[in-house]
Amino acid sequence: MIDLTKKPYHLTEKEIAYIESKRAEMSLAEKIGQLFFVIGQDENMVDIPAFIQKYQPGGMMYRPDHAEKISRELKNAQAASKTPLFTSANLESGGNGIVTEGTWVGMPLQMAATDDPESARTLGEIAGYEAHQVGVNMAFAPIVDIDLNFRNPITNTRTFGSDPARVLKMAAAQIEGFKEQQVIPVIKHFPGDGVDERDQHLLASVNSLTADEWMASYGEIYRTLIEADISSVMVGHIMQPAWERKLSPEITDQEMRPASSSKRLIDQLLRGILGFNGLVITDATPMIGYNSILPREQLLPETINAGVDMILFNKNIDEDYAIIHQAVQNGQLSMERLDEAVTRILGTKLAQGLMTADDKPARIQVPAEPQLKTEAHTKKAAEIAKKSVTLVKDRDQLLPLTPEKYPRVRLYVLGDSDEGGFKEGGQVTGIFETRLKEMGFEVSLFDTSRLDFHEIFEEGVADLKEKFDLAFYVANIETASNQTTARLDWIQLMAANAPWFMRSIPTVFVSTANPYHLFDIPHVSTFINAYTGNQASIEAVLRKMTGKEAFEGISPVDPFCGDFTTKL
């Protein structure tokens with residue numbers, strides 16, 4: 001059984017006795033319920049207290065909604081639960097991860113571009129504060145993946161970059177910010193995303209580093225944070241073949257598993273070699289990267305047997321609960337292993353202040369009414385944006401841009417769509433158009449829905465020069481789950497919105513959501529990375545490109561993508 005006196009629990013004998021007593025009092029159904037981290041329920045569709053009483057889950061994760069509503073839903077859920085719930089959200093880039101009125105501080109890569117851990121700590125502090133105000137006690141963050149492959153469609157700006165040392169220092173600072181606000185950080189996605197160019201939402205992706213390479217990068221990050229007492233780790237549907245082979249030299253390719261169901265990667269590598277004694281949670285189990293490995297009725301019990309303590313989300317919740325119940329009944333999942341998982345869950349809840357071993361109030365107390373302080377937090381986001389926006393190149397010295405030099409601006413916006421997986425949702429077209437006009441530029445927006453076929457097929461450089469003096473491109477193509485690329489995608493008809501004229505007409509390119517677009521437009525003269533499509537970053541870009549403020553950002557990745565043509 002687990003030693004709860006050791007990190008990350010540090011429990012007293014009295015507290016351990018309380019955990020053991022509480023576990024012993026639980027029915028089999030209650031123990032099984034604790035294994036599941038379910039999706040947050042909408043009060044308009046579900047009787048939340050009845051749901052909690054029926055399923056008795058160990059945790060709930062919510063997507064963003066209005067603060068008042070989220071607060072009420074979580075209070076009702078906690079009041080109906082016999083055991084305090086983990087209540088979580090994706091707080092990767094701000095309080096907007098849980099409440100629609102919350103502050104979008106900025107993507108992790110933007111924090112890294114300031115090269116100042118204080119930015120990451122501020123991110124954790126703001127996200128944690130706003131989440132705590134509505135009753136969230138756990139963050140599925142920080143992301144400690146390393147963005148080693150610029151083609152990866154899901155890591156990208158969600159990471160702190162490609163340098164393991166910077167990732168570690170930024171993640172540690174974000175963790176501090178969360179803890180200050182009584183929010184439990186969960187580092188993810190073990191054994192590490194960012195090597196493959198595919199998305200684990202759609203398949204089991206592969207971390208293909210050698211065992212030594214992995215230990216010197218991802219392994220060092222996890223080892224350091226484990227030693228620093230991190231309480232919880234989320235495992236991804238990501239394979240690490242080198243370590244599986246190192247731990248079991250006789251293993252066949254067919255026997256390999258993503259970490260979320262691999263006993264070698266969890267029990268032997270994470271727990272044994274790296275010494276993690278805390279709570280292990282899967283990434284979302286509706287992902288194809290999870291379900292494509294084995295039949296679900298076999299996979300769920302094997303996941304718990306591999307060393308996982310909690311299963312994130314369900315397909316059919318009744319079916320999933322029945323699978324685990326049947327696995328216990330037929331011996332596929334032992335009571336000893338079930339009790340071990342429940343002990344870690346309860347131990348984490350006690351150690352992190354969600355409950356106490358006596359009648360005293362829990363250390364974490366939820367405010368009666370949410371007070372978000374968004375105005376003050378927005379100012380802090382602006383300070384981060386000021387320090388992060390990065391000038392990648394300005395070959396022809398087009399900057400600064402002024403209405404005197406370039407009175408007529410043709411504005412092209414790429415992306416800016418909510419289609420695809422879960423996105424932050426920043427829409428930039430209207431902000432850029434309005435602010436450029438306010439600065440004195442005459443702006444014409446390229447309308448992709450009403451193409452000028454004469455211009456596309458018959459007009460040359462002189463014709464375009466009669467219409468505009470500067471082509472201003474903005475790409476707001478966010479990384480998101482369940483999309484296979486985050487590349488520039490021009491209009492198929494003659495690439496109608498592409499800057500074929502860039503050597504003849506001054507052309508500036510700003511990316512608000514992906515630092516790697518130079519790979520697809522290598523010969524553009526001027527390229528700026530903003531990392532985040534929030535208001536603060538847009539305002540910072542406009543100030544800097546018009547010469548009102550210096551560029552301060554330092555790129556945390558290689559924006560040239562290792563391609564010599566991007567530097568020309």
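Helices (H or I, at least four residues) and strands (E, at least two) are DSSP runs, numbered from the N terminus. The model is predicted, so local features need pLDDT of at least 70 and side-chain atom pairs count only at pLDDT 80 or more, while totals for chains, interfaces and linings use all residues. Residues are numbered from 1 along each chain as its sequence is written, and side-chain values use heavy atoms, with hydrogens and water left out.

Arginine 121 lies in helix H6 (residues 117–133). Its relative accessibility is 15%, so arginine 121 counts as buried. Here buried means under 20% relative accessible area, exposed means over 50%, and partly exposed falls in between (1.4 Å probe, protein chains only). Arginine 121 is in contact (heavy atoms within 4.5 Å) with Ala173, Gln174, Glu176, Gly177 and Glu180, leaving aside neighbours within four places in sequence. Arginine 121 and phenylalanine 178 are 57 residues apart in sequence. In space, their C-alpha atoms are 7.9 Å apart.

Glutamine 181 sits in the loop between H7 and strand E5 (184–190). Glutamine 181 is buried because its relative accessible area is 16%. Residues up to four places away in sequence are not counted; glutamine 181 then touches Glu125, Gly128, Tyr129 and His132.

Side chains of opposite charge can pair when their charged atoms come close. A salt bridge is a side-chain nitrogen of Lys or Arg within 4 Å of a carboxyl oxygen of Asp or Glu. The whole structure holds 42 salt bridges.

One of them joins glutamate 43 to arginine 72, with the closest N and O atoms 2.5 Å apart. This pair links distant parts of the chain, 29 residues apart. Glutamate 43 is in the loop between strand E1 (36–39) and helix H3 (48–55). Arginine 72 is in helix H4 (residues 67–80). Glutamate 43 is partly exposed, at 25% relative accessible area. Arginine 72 is also partly exposed, at 36%.

Glutamate 92 pairs with arginine 158 in another salt bridge, and the closest N and O atoms are 2.7 Å apart. The two residues are 66 residues apart and link distant parts of the chain. Glutamate 92 lies in the loop between strand E3 (86–89) and helix H5 (108–113). Arginine 158 lies in the loop between strand E4 (138–139) and helix H7 (164–180). Glutamate 92 counts as buried at 7% relative accessibility. Arginine 158 is buried at 13%.

A further salt bridge brings together the side chains of aspartate 520 and arginine 487 (2.8 Å, N to O). Aspartate 520 is in the loop between E15 and strand E16 (526–529), and arginine 487 is in the loop between E14 and E15, so the pair ties together parts 33 residues apart in sequence. Aspartate 520 is partly exposed, at 24% relative accessible area. Arginine 487 is partly exposed, at 35%. Elsewhere, salt bridges that share partners join Glu118, Arg121, Glu125, Glu180 and Lys380 into one network.

Helices H3 and H4 pack at an angle of about 40 degrees, with their axes 8 Å apart. Axes are lines fitted to C-alpha atoms, for helices over the stretch in contact, and angles run from 0 to 180 degrees between N-to-C directions. In this packing, Ile48, Pro49, Ile52 and Gln53 of H3 meet Glu73, Asn76, Ala77 and Ala80 of H4.

Methionine 494 is in the loop between strand E14 (470–476) and strand E15 (507–511). Methionine 494 counts as exposed because its relative accessibility is 54%.
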